[in-house]
Amino acid sequence: MTARYAVDPDVTLAHTLPGRFYHDETVWQLTGERVFARSWQWLGSLDDVSEAGSLAPCDLLPGFFGEAGEPLLLSRDKSGVLRCLSNVCTHRGNLLVKTPCRADQIRCGYHSRRFDLAGRMTFMPEFGAARNFPSPADHLPQIPFGEWAGQGYASLNPAASLEEFLAPMRSRLSWLPLEKFVANSTRSRDYDIHANWALYVENYLEGFHIPFVHAGLNQAVDYGSYRSELHRYANLQLAEARDGEMAFDLPPGSPDFGTRIAAYYWWVFPNLMFNFYPWGLSLNVVLPQAIDRTRVLFRSFVWDESKLDAGAGAALHQVEMEDEAIVEAVQRGTHSRLYDRGRYSPAREQGTHHFHRLLTEFLYPANGALSAGAMMEAGES
Ligand code: FES
Ligand SMILES: [Fe+2]
């Protein structure tokens, strides 16, 4: 029997995931189909498919679903409908579209099979004698897709709609003029970390370490009022600004009007981090590369340049370096023969507990059917 991990729903009683969880090859194998295929994954900007009759290849989870990711194709048809299709030809598996382009059809460069922009096969040479052809399997599979703030999201097998994942964030920030956010490539970069992806995420989900790990950030945010709010598939860490530090200028329509918010740190299960600062958004996408290797994309969208270098949203690279050093140390620590698992601070680690609960819920759907007493916490079955 392989280990089946669980975390008690009561944070005051729960133990954290054991160190071996992060090195368990069975968990790593399950993560693809049960966690990443079932959640919503960031595809990037939709700028290349803004016009009717346009195509753009995009790859889902590069480094995880194969080296280059699952090959997908964004296709906006003549009537303006945007779809997310497989970018793999249904004949013998050639990749269809290599670069963004305008087109009125999709033509495979191998044996010239053609599809319309909705993904339906329309023509195939030399198949006159083929029986039971074409069939629905000859059309391009269409993948659940959604968009928010000019960015595309796809899910191979969603556990719930994109709206259910994003709704708490969207409504809390409905006053933000996202259409004014401008992608800024010079403030975007990729980080490679020698650690399991879940260790990176769980570190992000608690502000407990801010006074101990982030001296600079600790000057900008008020640790005493720092708090987490949990939703079904997302959570929010709310950081208020210290006196004299940069804060949002909130309109009366905001539920937080009257407070001085330094940052909204929104996490969307399992690997998306939307960090809103007075200057705009730093979107972090956590891409597992191997069981002990993780790439994190930082993508900046600037709204108010004058606020870029102040408060919680300044010095993001420095904060990232501090986080990476800790996460890599924990990666080593979780290998220890003398470490099993710890406990959660009920005051400060609700977000990390929430992540571990969701992660084990997705990894072991059958856990949900068991009564709490029937399931050994973080035990084996
Ligand atoms: S692989 Fe596309 S037509 Fe043969
Ligand atoms: Fe941190």
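In which helix is asparagine 218 found? Asparagine 218 belongs to helix α5, residues 215-220, where helices (H or I, at least four residues) and strands (E, at least two) are DSSP runs numbered from the N terminus.

## Basis of the model

This is a predicted model, in which local features need pLDDT of at least 70 and side-chain atom pairs count only at pLDDT 80 or more, while totals for chains, interfaces and linings use all residues. Residues are numbered from 1 along each chain as its sequence is written, chains are lettered from A and ligands numbered from 1 in the order in which they are written, and side-chain values use heavy atoms, with hydrogens and water left out.

## Asparagine 218

With a relative accessibility of 13%, asparagine 218 counts as buried; the term means under 20% relative accessible area, whereas exposed means over 50% and partly exposed lies in between (1.4 Å probe, protein chains only). When its neighbours within four places in sequence are set aside, asparagine 218 is in contact with Ile210, Pro211, Tyr223 and Arg242, contact being defined as heavy atoms within 4.5 Å.

## The iron site

The iron ion (ligand 2) is coordinated by NE2 of His209, NE2 of His214 and two OD contributions from Asp323, at 2.0 to 2.6 Å. Donors here are N, O and S atoms within 2.8 Å of the metal (3.2 Å for Na, K and Ca), and water is not among the atoms, so sites may look incomplete. Along the chain, the donors of the iron ion (ligand 2) follow the spacing H-x4-H-x108-D, and both histidine 209 and histidine 214 are buried.

The angles among the 4 donor atoms run from 54 to 153 degrees, and the site of the iron ion (ligand 2) is irregular. Four donors count as tetrahedral if all angles lie between 85 and 135 degrees; four count as square planar and six as octahedral if opposite donors are over 155 degrees apart and all others between 65 and 115, and anything else is irregular.

## Packing of α1 and α7

The axes of helix α1 (residues 25-36) and helix α7 (residues 350-363) come within 9 Å and cross at roughly 85 degrees. Axes are lines fitted to C-alpha atoms, for helices over the stretch in contact, and angles run from 0 to 180 degrees between N-to-C directions. The two helices α1 and α7 are therefore roughly perpendicular to each other, given that angles under 35 degrees count as roughly parallel, over 145 as roughly antiparallel, 65 to 115 as roughly perpendicular and the rest as oblique.

From α1, Val27, Leu30, Thr31, Arg34 and Val35 meet Leu359, Phe362 and Leu363 of α7. By class, this contact of α1 with α7 has 6 nonpolar, 1 polar and 1 charged residues, where Ala, Val, Leu, Ile, Met, Phe, Trp, Tyr, Cys and Pro count as nonpolar, Asp, Glu, Lys and Arg as charged, and the others, Gly among them, as polar.

## Loop residues

Glycine 63, in the loop between β2 (54-60) and β3 (70-76), is buried at a relative accessible area of 17%. Not counting residues up to four places away in sequence, glycine 63 touches Ala68, Gly69, Pro288 and Gln289.

The bond from phenylalanine 133 to proline 134 is cis, with omega near -5 degrees, and the bond from phenylalanine 269 to proline 270 is cis, with omega near 0 degrees.
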